[in-house]
Amino acid sequence: MKNPWIIIGVLVVVLFGGAFWYSGSVAEQANEGIEIAKNIKGNTESTVILEEFSDFQCPACGQFYPVVQDIMDDYGDQIQFHYRHFPLIRIHPAAEPAARAAEAAGQQGKFFEYHDLLFENQPAWSQSANPSAFFTRFAEELELDMNQFTSQQRSSLIRDKIRDDMAEGMERGVNSTPTFFLNGERLQLTTIGDLRAAVEAALGVVPEGAEVPAETTTVDPNENVQFGI
């Protein structure tokens with residue numbers, strides 16, 4: 001009679017080998033057609049660049065979302081905005097899956113549309129026991145190819161892109177979200193309004209309501225000036 005432990009060992013090897021092959025095959029299929037690109041909107045020719053390292057599940061990022069939207073509405077033709085991933089995985093477990101879903105939508109040209117739905121509905125999905133159901137619903141609302149979307153969420157290339165953003169963020173000193181950089185310089189923001197003020201300063205925009213200094217005339221003391229009465 002054959003040793004039963006040998007039979008069990010063979011079965012284990014076969015099962016694990018099959019599982020490994022299957023997972024590798026799924027990952028390979030998910031990578032099909034993937035094109036990795038930066039998430040940029042606005043005027044891509046502008047030299048004024050606003051970058052945000054952000055976490056879709058972060059409440060503070062949700063608070064800054066409408067501010068960034070307003071800035072882009074007003075100055076989107078003058079600046080370019082780069083969205084960078086920095087999911088705080090330990091405290092926001094749904095942030096990384098949300099980032100993968102957004103990137104999968106981006107493969108169909110809908111990254112920022114999906115980005116907007118995530119932030120506009122953040123309280124609902126971020127507190128849900130099943131956030132993936134929301135991710136699917138958002139994709140359906142955007143009329144994405146659902147087979148492609150579902151597959152590409154599992155793409156190792158998309159996972160690597162998110163991790164690369166995080167690695168770059170850490171190299172640049174990012175340790176919280178949101179963190180903004182303007183023309184490569186990290187912004188130290190005290191209030192939400194400081195972000196708009198920094199962008200306007202970079203553009204040379206005088207904020208509405210601000211006093212414009214009156215023109216002054218400089219008199220050369222060496223000139224012989226006579227003042228009439």
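Ala, Val, Leu, Ile, Met, Phe, Trp, Tyr, Cys and Pro count here as nonpolar, Asp, Glu, Lys and Arg as charged, and the others, Gly among them, as polar. This is a predicted model, where local features need pLDDT of at least 70 and side-chain atom pairs count only at pLDDT 80 or more, while totals for chains, interfaces and linings use all residues. Residues are numbered from 1 along each chain as its sequence is written, and side-chain values use heavy atoms, with hydrogens and water left out.

**The largest pocket**

- The volume of the largest pocket is about 160 Å³; a pocket is an open set of points on a 1 Å grid over the protein atoms alone, where a 1.4 Å probe fits, with protein on both sides within 12 Å along at least five of seven lines.
- That volume is the space filled by probe spheres set on the points, which are joined across faces, edges and corners.
- Its lining consists of F64, S176, P178, T179, F180, R186, L187, Q188 and L189, a lining residue being one with an atom within 4 Å of a point.
- By class, this lining has five nonpolar, three polar and one charged residue.

**α4 against α3**

- Helices here are DSSP runs (H or I, at least four residues), numbered from the N terminus.
- Helix α3 (residues 95-106) and helix α4 (residues 111-120) have axes that come within 7 Å and cross at roughly 150 degrees; axes are lines fitted to C-alpha atoms over the stretch in contact, and angles run from 0 to 180 degrees between N-to-C directions.
- On the α3 side, A98, A101, A102, E103, A105 and G106 meet F111, Y114 and L118 in α4, with contact meaning heavy atoms within 4.5 Å.
- Seven nonpolar, one polar and one charged residue make up this contact.

**α4 against α6**

- Helix α6 (residues 131-141) packs on α4 at an angle of about 135 degrees, and their axes are 10 Å apart.
- α4 and α6 are therefore oblique to each other, as angles under 35 degrees count as roughly parallel, over 145 as roughly antiparallel, 65 to 115 as roughly perpendicular and the rest as oblique.
- Y114, L117 and L118 of α4 make the contact with F135, T136, F138, A139 and E141 of α6.
- These residues divide into six nonpolar, one polar and one charged.

**α4 against α2**

- The axes of helix α2 (residues 59-75) and α4 come within 9 Å and cross at roughly 130 degrees, and the two helices are therefore oblique to each other.
- C61, G62, Y65 and Q69 of α2 touch H115, D116, F119 and E120 of α4.
- In this contact there are three nonpolar, three polar and two charged residues.
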